[in-house]
Amino acid sequence: MSSFLRPAVPGQDPLSEPSTNGNSRSSAIKKSLKYRPISSHLAITVPVSVVIPAMNEAENLPYVFKSLPDWIHEVVLVDGNSTDNTVQVARDLWPDVKVVRQTGKGKGDALITGFAACTGDIIVMVDADGSADGQEIVSYVSALVSGADFAKGSRFANGGGTDDMTPVRKLGNWVLCSVVNAKFGARYTDLCYGYNAFWRHCLDKIDLDCTGFEVETLMNIRVVKAGLRVQEIPSHEFERIHGMSNLSAVRDGLRVLRVILKERGKRHGRRNLPLPAVAPRRIIGRGEVS
C-alpha cells in the first residue's frame, strides 16, 4: 500500500507511476477507469449514486442539491406522487437528475425503488428535507473505499449531533438501539437515521421488504445478520427547513419495534460488529488509501 499521494489533477491518473520502461503502472487496467477528483488530495474511480426519496419537497430541494458534491456519478430522485413542482425543481437544479416515479407508498418502498434505478457501485441515501449535509458524503465514501461494506450515519457518535430530535424521540431511539444491540450483538450508537451509504452488492444480502420509516432499522439489523463490515460515520442532522415531517414517533416507533422482534425470530449468519467512527482517510483509488 502506497504511503504517498499524488495531487488529484484533472486529466491525470493519480495512480500512475512511471516505470523503468516508460509505461505507467497497470496502464492497461487503468485506461478504462474514470477517476473523480474530490479535492487536491482525494480522488476516486468508483461511481457514486445518491438516492433522494421526495414527496412535495420543492422548497427544500435547493438546499439539498446545493450541498451535494459535483463529483458524484448520478442523483436518483424518487418522486412519491408529489402535488407540487418537486420534479421540475429537481431538474432545474440538477439537469442530469434521474427521476423515478414511485408506484407504492412509504419511505421504504421509495428507497427500494431508487436503489433499483442506481447504476453506481456505491449508493448513498439522503433525505429531501434539508436535514442532511451532502458534504458529509466524502466521509461515507472514504469508509467504504477503505474496506467497509456499509457506512452507517450516527448522530450520537463523537463528532455527530442533531437539531431535530425531541427528548421523547431521543429516548425512543436510545431504547430501540439498545434492544438491537442486545438482541443482535451490534454496537450501534444510533438506529433510526436515514443517512447511510453502502456498496450495491449489499442489497443482495439484506433483501429489503418493508415500506415505511422502519426501513433504516431493517437495513441496520440485516447488515449485522449478514456479517457485513459496518463503519459508523459521525453525522450532524439539521432541522427540516420547510414543511412538516410525516414521521410519527409513536406509530413509527411501534413499527420499528415490530421489525426488531420479527427479525430476532429469523435465522441469521455470522455477525460483524460496527467499527468505531474514525476520520476519513485519503483515497487514491478503489480499495487504496494513504
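What share of the contacts in the protein between residues at least 6 apart in sequence join residues at least 24 apart? The share is 75%. Contact here means heavy atoms within 4.5 Å.

## The model as a whole

This is a predicted model, in which local features need pLDDT of at least 70, side-chain atom pairs count only at pLDDT 80 or more, and totals for chains, interfaces and linings use all residues. Residues are numbered from 1 along each chain as its sequence is written, and side-chain values use heavy atoms, with hydrogens and water left out.

The pLDDT is the predictor's confidence in each residue, from 0 to 100. The protein averages 82. A score of at least 70 is reached by 76% of the residues. Residues 1-8 stay under 50, and the model gives them 22 contacts beyond four places in sequence. Residues 276-290 are also below 50, with 50 contacts beyond near neighbours in sequence.

The protein has nine helices and 13 strands. Helices (H or I, at least four residues) and strands (E, at least two) are DSSP runs, numbered from the N terminus. Of the 290 residues, 49% count as buried. Buried means under 20% relative accessible area, exposed means over 50%, and partly exposed lies in between (1.4 Å probe, protein chains only).

Helix α5 covers residues 137-145. Is this helix largely enclosed or exposed? It is largely enclosed by the rest of the structure, because seven of its nine residues are buried. Among them are Ile137, Tyr140, Ala143 and Leu144. After α5 comes Gly147, with a positive phi near 135°.

Rings of Phe, Tyr and Trp (its six-membered ring) pair if their centres lie within 6.5 Å; planes under 30 degrees apart count as stacked, over 60 as edge-to-face and the rest as tilted. By this rule the protein has five aromatic pairs. Two of them are set out here.

| Pair | Type | Centre to centre | Angle between planes |
|---|---|---|---|
| Tyr140 and Tyr195 | stacked | 4.7 Å | 25° |
| Phe150 and Phe198 | stacked | 6.0 Å | 10° |

The Tyr140 and Tyr195 pair links distant parts of the chain, 55 residues apart. Tyr140 sits in helix α5, while Tyr195 lies in the loop between α6 (167-184) and β9 (196-199). Tyr140 is buried at 0% relative accessibility. Tyr195 is buried too, at 1%.

The Phe150 and Phe198 pair also bridges distant parts of the chain, 48 residues apart. Phe150 belongs to strand β7 (residues 150-154), and Phe198 to strand β9. Phe150 counts as buried at 0% relative accessibility. Phe198 is buried, with a relative accessible area of 0%.

The charged end of Lys152 sits over the ring of Tyr188, 4.9 Å from its centre. The rule for this asks that NZ of Lys or CZ of Arg is within 6 Å of the ring centre and within 35 degrees of the ring normal.

## Thr162 and its partners

Thr162 is in strand β8 (residues 161-162). This residue is buried, at 17% relative accessible area. Which side chain does the side chain of Thr162 join in a polar contact of 2.6 Å? The partner is Glu237. A polar contact is a pair of N or O atoms within 3.5 Å; within protein, one must be able to donate a hydrogen and the other to accept it, and residues adjacent in sequence count only if both atoms are side-chain atoms. A polar atom of the Thr162 side chain also lies 3.1 Å from the backbone nitrogen of Asp164. Leaving aside neighbours within four places in sequence, Thr162 is in contact with Arg155, Phe156, Lys170, His236 and Glu237.

## Two asparagines in loops

Asn56 is not a glycine, yet its phi is positive, about 60°. Asn56 lies in the loop between β3 (48-54) and α2 (61-67). Its relative accessibility is 35%, so Asn56 counts as partly exposed. Asn81 also has a positive phi of about 60° without being a glycine. Asn81 is found in the loop between β4 (74-79) and α3 (86-93).

## Cysteines

How many disulfides does a search of the whole structure find? The search finds zero. A disulfide is a pair of cysteine sulfur atoms within 2.5 Å. The closest cysteine sulfur to that of Cys192 is in Cys177, 8.2 Å away, too far for a bond. Cys192 is partly exposed at 27% relative accessibility, whereas Cys118 is buried at 5% relative accessible area.
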